[in-house]
Amino acid sequence: MPDPTNSSPDPLKTDLRRVDINPDFWYPLAWSKDLKRGKTIGRRFGRHPIALVRPSEGSVFALEDRCAHRQVPLSLGKVSGEAVQCCYHGWAYGRSGRCIDVPYLGKGKLPNGVRTYPCREAGGMIFIFPGDAAKAESVPLPALAQVDNPAFKTRHFSPVVKCHYTFMHENLMDMNHQFLHRRQMGQIKARFLGQDAGEGFIEARYSFARSGTQQPLAERLIFGKHHDDPGREQPVEEIVSIRTTYPYQSLKIHDKDGDLIMELFSVYVPDSADGMSTQTFGLLSVLRPKTPFLIDVIWPALGVFTNRIFEEDREIMELEQSAWRDLGGDHNVEVFPIVRKLRDLLKVSGIVREQTADPVVV
Amino acid sequence: MPDPTNSSPDPLKTDLRRVDINPDFWYPLAWSKDLKRGKTIGRRFGRHPIALVRPSEGSVFALEDRCAHRQVPLSLGKVSGEAVQCCYHGWAYGRSGRCIDVPYLGKGKLPNGVRTYPCREAGGMIFIFPGDAAKAESVPLPALAQVDNPAFKTRHFSPVVKCHYTFMHENLMDMNHQFLHRRQMGQIKARFLGQDAGEGFIEARYSFARSGTQQPLAERLIFGKHHDDPGREQPVEEIVSIRTTYPYQSLKIHDKDGDLIMELFSVYVPDSADGMSTQTFGLLSVLRPKTPFLIDVIWPALGVFTNRIFEEDREIMELEQSAWRDLGGDHNVEVFPIVRKLRDLLKVSGIVREQTADPVVV
Amino acid sequence: MPDPTNSSPDPLKTDLRRVDINPDFWYPLAWSKDLKRGKTIGRRFGRHPIALVRPSEGSVFALEDRCAHRQVPLSLGKVSGEAVQCCYHGWAYGRSGRCIDVPYLGKGKLPNGVRTYPCREAGGMIFIFPGDAAKAESVPLPALAQVDNPAFKTRHFSPVVKCHYTFMHENLMDMNHQFLHRRQMGQIKARFLGQDAGEGFIEARYSFARSGTQQPLAERLIFGKHHDDPGREQPVEEIVSIRTTYPYQSLKIHDKDGDLIMELFSVYVPDSADGMSTQTFGLLSVLRPKTPFLIDVIWPALGVFTNRIFEEDREIMELEQSAWRDLGGDHNVEVFPIVRKLRDLLKVSGIVREQTADPVVV
């Protein structure tokens, strides 16, 4: 994380939507299952197009997705053994990014190659390290919910939202926005219980009280593990804790006995040069109920329910982005202390975008 | 109206398409019937998004359509009694614009509210006063054609045209543009009879001569009241008078006896930040013929006819706007004196847009 | 061609995609068959909209496609005898561009007219001379493949590609890009044989060697004239020569006896103000085989084959343009000497675009 005393201008005085995400972390760009052996796909990290290549043998590697010759995407090319050949004139690049063949040129005078990115696979995702490659080894991958825990079943999701990544951190951290989901989740009121903060992270804890209407089925299946125990009394006093461990975010639900019953991991990856579009990667791990097959029965309904919730969030965050654009800057009046702290964390952890370097997106 | 001697730069030397409409007038933003009790809708006046709210009881009110918290539209919110609650975190605003509740905050420390606009209903429209609210009381609503006269039947229309509002004033005032409608209206030739001008208004009077082709049915029903008197001789010598009473426009047709047989009221409301899109509100009042039910029989045909005419006008005005954009400014060569005077009226009555304040529309 | 020693800044140091095409040449804007007698159509040469008018009698003429009055397209107007009338208020313009009638104005005080362009028809195309009209007489029309030679059958094509015209010259000149068409044409490898260059032109010659897969039918019909002679041995040693004779381009295939068997003529006409869209006009002349009707039988297949090839080219050139836009300039690393010379020819023959004059395209 950059030293705030050293950075100029003062990030805390910067428009939060002009703070780029810090590239010195591991970011997923694709699901592992979407990249077959002998294939390549093209993704973006902010203004950087990146080709992910799974060669005939060996691990995935990541190259700048522009041929050194005429800058067309290498991800449209042909994987031949350990190398990828540009689709246009056949220039070939290996794992190191070096140009190893130009079919119509002598071997002695090969041109320069392309940039590479450290690359790893974990939890069904392909991660790259877009920042200073020298730091990649010492920066750990994040904890990936309960993806490796057989007691949990984990759902993947990866929607694109046309907004700055910071809106997404704020959205999840401020559970008072349950008002937005009142049609999906009934009249839930969040009660703020406390917070925790430290180097590079901030956490909020809430309990939820229901007023009035019936609890929807799918929500009951998320928020209460005792759905197969109809005799149990309402309300269930689960604790919901939301934590931004820069640049990742998690949400955990513990039941009143302190047992984890749900965990969400999400990371918000800018996928456009102007920073105003974000590719989310999320893992939602739900504790399997005691009746073993029940989780499979309710799984589709759970998908529909969480998609609806997410659609509401997507729409409102895109409207926030739209207002920012109309007003030419951030006019938020934040009154909730934990969100103010979160905003500061996102500012000091990120990279202030130079105004003059703003790309013109046509 | 601003004092032209006092304004800088000289409005008469300004590009007419860089003159914003003067906000110190009443402008309709919606039809009354489109806003049900207990609902809210979002509209725009130029760069200002405005929420119209019809509370459970009492009259409609108008608020800035951005929550003070995170700037999302209040018009997506929930009307509760006399207040509207933002859909995101439930902040509530009353008629005065004050924030009267943040559900998760103590009452003692409520944040500031949002801007309000004077608001009135008349002639089936909801008007707001977007300028200096102190002037609203002393500025009258416009005359609304014959909307309250039972001898007339009145049609509503509200098309959006992607052009600056000034093109629309010029289009209607210059009746030589009947050439554009030659396929709909036959070979009509307008004859300019004279003009009238004064403080804030200008009027042109025309008669029409027909050359050659048959008069279409629907037009006969507009331009001649004696359609149920087949023995009458052509041509009918109606007088058409078009008046811009800033910022409104009207067109009246009197028959040769001097009786009003048709009246059009229209107002052009900019509905985008760059001023290049206009929401029209129009009332077309047609004198009911002596055979009482005849007007109802011909009413649908009249609608089709006027829509076709308007489509031709819409297309040509959008092409004018497009040429202005391509050329980077106004290159009109106006030879018709009444239109030159109209242009001056629109310039001195409007507000010269500051070049540097031009919004970037993405 | 402009004198490079005299131009400032040095065109050779200019971004090739900021070099506008030189207007002092003849450019086609339409196919003759697309402009019926008594009609007008609107086209563009770069930032210039141009109305082509075919009057009731006499030859086609070309006017600036903006009425002098309100700048709407004359090409939407009505052709009356030798003149075209603007669709809006009926202003009329003749072949000379002079305004010859304003229906509601005295003849004595007619306003100025519009710009005209020298105009000719040849080879089924309507050409205009967009530059200095005084030079038009002395600049010849280009050679139009074998369009007038009955021994050949000629196909027309006119796709739009969303890229700068210079990409299209480079694409065709560099035959190493056969790699792009490997799925359509099999494993063809071009062998560079030599080059020729002179005042305003550059030419590359290649032979083709096939490795492995079967030659597709349609290609055989283009590259070998002896398809009706099954006893002949492979490989056919045709010579392909590609020449840019600024601003035109041609591709000729001669068989081993030195006879011409195919000729392509193409010209790339910028059709947007920003120069990033190009209307191609092409003629593809194929020598008729000895069995007379065979060419008609294979003609549809030939169309499908060449369209597929062109689609691959279109896609890759638009990706090149897209990379240029993302990177804010030309980052090509050209290693092929003939293409480097071509780039220099395009630079010194064109007009360096002034950066500040860049149009904002909305």
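Colleague: How many of the ten residues of strand β20 (residues 278-287) of chain A are buried?

Modeller: A word of caution comes first: this is a predicted model. In it, nine of the ten residues of β20(A) are buried. The strand is thus mostly covered.

Now look at the partners of β20(A). Strand β19 of chain A, residues 260-270, is joined to β20(A) by nine bridges. The two strands run antiparallel. To find a point of contact, take A:Val269, whose bridge partner in β20(A) is A:Gln279. Strand β13 of chain A covers residues 152-157. β13(A) also pairs with β20(A) in the antiparallel sense, over six bridges. Here A:Arg155 stands opposite A:Leu284 of β20(A). Then there is strand β14 of chain A, residues 160-161. Two bridges join β14(A) to β20(A), and this pair runs antiparallel too. A:Val160 has A:Gln279 as its bridge partner in β20(A).

Four strands form an open sheet in the order β3-β4-β5-β10 (chain A). Their pairing is antiparallel. β3 (39-45) and β10 (116-117) of chain A stand at the edges. Each has a single partner strand, so one side of each is left without a neighbour in the sheet. For β3(A), look at strand β4 of chain A, residues 48-54. β3(A) and β4(A) pair over seven bridges, in the antiparallel sense. Within that pair, A:Thr40 stands opposite A:Val53 in β4(A).

A further open sheet in chain A has four strands, in the order β6-β7-β8-β9. It is antiparallel as well. Its edge strands are β6 (78-80) and β9 (99-101) of chain A, and each of them pairs on one side only. Strands β7 (residues 83-85) and β8 (residues 92-93) of chain A pair antiparallel over two bridges. There, A:Val84 has A:Tyr93 as its bridge partner in β8(A).

Next, the helices. In chain C, helix α1 spans residues 165-173 and helix α4 spans residues 294-327. Their axes come within 10 Å and cross at roughly 130 degrees. That angle makes α1(C) oblique to α4(C). The crossing of α1(C) and α4(C) is right-handed. Now turn to chain B, where the axes of helix α1 (residues 165-173) and helix α4 (residues 294-327) also come within 10 Å. The angle between these two axes in chain B is roughly 130 degrees. α1(B) is therefore oblique to α4(B). The crossing of α1(B) and α4(B) is right-handed too.

C:Val267 is buried, with a relative accessible area of 0%. Its distance to C:His169 is 9.1 Å, C-alpha to C-alpha. Along the sequence, C:Val267 and C:His169 are 98 residues apart.

What about cysteines? A disulfide is a covalent bond between the sulfur atoms of two cysteines. Over all chains, the structure holds zero disulfides. The closest cysteine sulfur to that of B:Cys87 is in B:Cys86, at 4.9 Å. That is too far for a bond, because the cut-off is 2.5 Å. B:Cys87 is buried, with a relative accessible area of 6%. C:Cys163 is buried as well, with a value of 0%.

Last, step back to the chains as copies. Chain B can be laid on chain C with an RMSD of 0.0 Å. The move is a turn of 120 degrees and a shift of 0.0 Å along the axis.

To return to your strand: β20(A) has nine of its ten residues buried. Its antiparallel partners include β19(A), with nine bridges, and β13(A), with six. β14(A) is joined to β20(A) by two.

Notes:
Residues numbered from 1 in each chain as written. Chains lettered and ligands numbered in written order. Predicted model: local features only at pLDDT ≥ 70, side-chain atom pairs only at ≥ 80, totals over all residues. Heavy atoms only, no water. Least-squares fit on C-alpha atoms with pLDDT ≥ 70 in both. Pairing = 2+ DSSP bridges. Buried < 20%, exposed > 50% of the residue type's maximum accessible area, 1.4 Å probe, protein only. Axes fitted to C-alpha atoms, helices over the stretch in contact; angles between N-to-C directions. Parallel < 35°, antiparallel > 145°, perpendicular 65-115°, else oblique. Left-handed = near helix turned anticlockwise from the far one by under 90°.
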